[in-house]
Amino acid sequence: MSLWGALAGGFVGTLVLTTALRTANELGLTRVDLPFLLGTAFTGDRARAKALGYLLHLVAGEVFALIYYALFAAIDDSGWLLGALFGLLHGVVSATALVNILLPVVHPRMGSSLSAADSGPLLEPPGFLMRNYGRGTPIATVLAHVAYGAIVGGLASIAA
C-alpha cells in the first residue's frame, strides 16, 4: 500500500468525480454542482464561489483519500474493488446525511425546510439523496463516488 498512491488517487479521483458530475449536469441528468455548493458557503459571489468551490472540492478529495488510506491500513488491504465499495458508502452517506442534513444547517446561503419563502436563499436545499437537484442526481452522485473510490483504492494498492 502506498500513501502517495492514495494521494495521487485522491487527485485523479476527484477530477474524475467532478468531471462526471459536470457532464451529468450538462446532459440534463442532474442540476447538482458540488463545487458550487461548497464555494457558496464562503461567498455570495457566484463566479468566486465556483472557483473557490473547485479548490475546496479538490482539497476535500485529498482529505477523503487520506481517510480511505487510513481505512485500508487498518484492515491491511486495498484495491480497486475495496475502494469502489468505500466509494459507494461515501456517496450514499454524502447524499443522505452530509449534504441533506448537515450542509443546510451550516451553509449560510442554503435554504431549508424551515426557511421562509421571502428569505431569498442562494441555493435550494438538496433534499434526501439530493433529489431536489434532479431525478438522476442520486445515481450520478453515487456512481461518481464509486469511480472515485475505485481510483483511490487502485492507486493506493500499488506498492511504494
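Modeller: We'll go through helix packing, pockets, a cavity and an aromatic pair.

Biologist: Great. What should I know before I start?
Modeller: This is a predicted model, where local features need pLDDT of at least 70, side-chain atom pairs count only at pLDDT 80 or more, and totals for chains, interfaces and linings use all residues. Residues are numbered from 1 along each chain as its sequence is written, and side-chain values use heavy atoms, with hydrogens and water left out.

Biologist: How do helices α1 and α5 cross?
Modeller: Helix α1 (residues 3-26) and helix α5 (residues 137-156) have axes that come within 8 Å and cross at roughly 160 degrees. That makes α1 roughly antiparallel to α5. Helices here are DSSP runs (H or I, at least four residues), numbered from the N terminus. Axes are lines fitted to C-alpha atoms, for helices over the stretch in contact, with angles from 0 to 180 degrees between N-to-C directions. Angles under 35 degrees count as roughly parallel, over 145 as roughly antiparallel, 65 to 115 as roughly perpendicular and the rest as oblique.

Biologist: And which classes of residue are in the contact of α1 with α5?
Modeller: The contact has 16 nonpolar, seven polar and no charged residues. Ala, Val, Leu, Ile, Met, Phe, Trp, Tyr, Cys and Pro count as nonpolar, Asp, Glu, Lys and Arg as charged, and the others, Gly among them, as polar.

Biologist: What about α3 and α5, at what angle do they pack?
Modeller: About 55 degrees, with the axes of α3 and α5 10 Å apart. That makes α3 oblique to α5.

Biologist: Switching to pockets: what volume does the largest pocket have?
Modeller: About 490 Å³. On a 1 Å grid over the protein atoms alone, a pocket is an open set of points with protein on both sides within 12 Å along at least five of seven lines, while a cavity is a set where a 1.4 Å probe fits but cannot get out; lining residues have an atom within 4 Å of a point. Grid points are joined across faces, edges and corners, and a volume is the space filled by probe spheres set on the points.

Biologist: Which residues should I look for in the largest pocket?
Modeller: It is lined by 21 residues, and Leu 38, His 57, Ala 60, Phe 64 and Leu 98 lie nearest its centre. Helix α4 gives the most to this lining, with seven residues. By class, the lining of the largest pocket has 15 nonpolar, six polar and no charged residues.

Biologist: And the second largest pocket, what lines that?
Modeller: That pocket has a volume of about 220 Å³ and 13 lining residues, with Arg 31, Asp 33, Phe 36, Leu 123 and Tyr 133 nearest its centre. Its lining divides into six nonpolar, one polar and six charged residues.

Biologist: How many cavities of 30 Å³ or more are there?
Modeller: The count is one, and the largest cavity has a volume of about 60 Å³. Its lining is Thr 18, Leu 21, Arg 22, Val 32, Asp 33, Leu 34, Pro 35 and Tyr 54. The largest share of that lining, three residues, comes from α1.

Biologist: Last topic: how many aromatic pairs does the structure hold?
Modeller: Four. One of them is Tyr 68 with Phe 72, an edge-to-face pair at 6.4 Å centre to centre, with 85 degrees between the planes. Rings of Phe, Tyr and Trp (its six-membered ring) pair if their centres lie within 6.5 Å; planes under 30 degrees apart count as stacked, over 60 as edge-to-face and the rest as tilted.

Biologist: Why are Tyr 68 and Phe 72 separated by about one helical turn?
Modeller: Because they are four residues apart in helix α3.

Methods: Helices (H or I, at least four residues) and strands (E, at least two) are DSSP runs, numbered from the N terminus.
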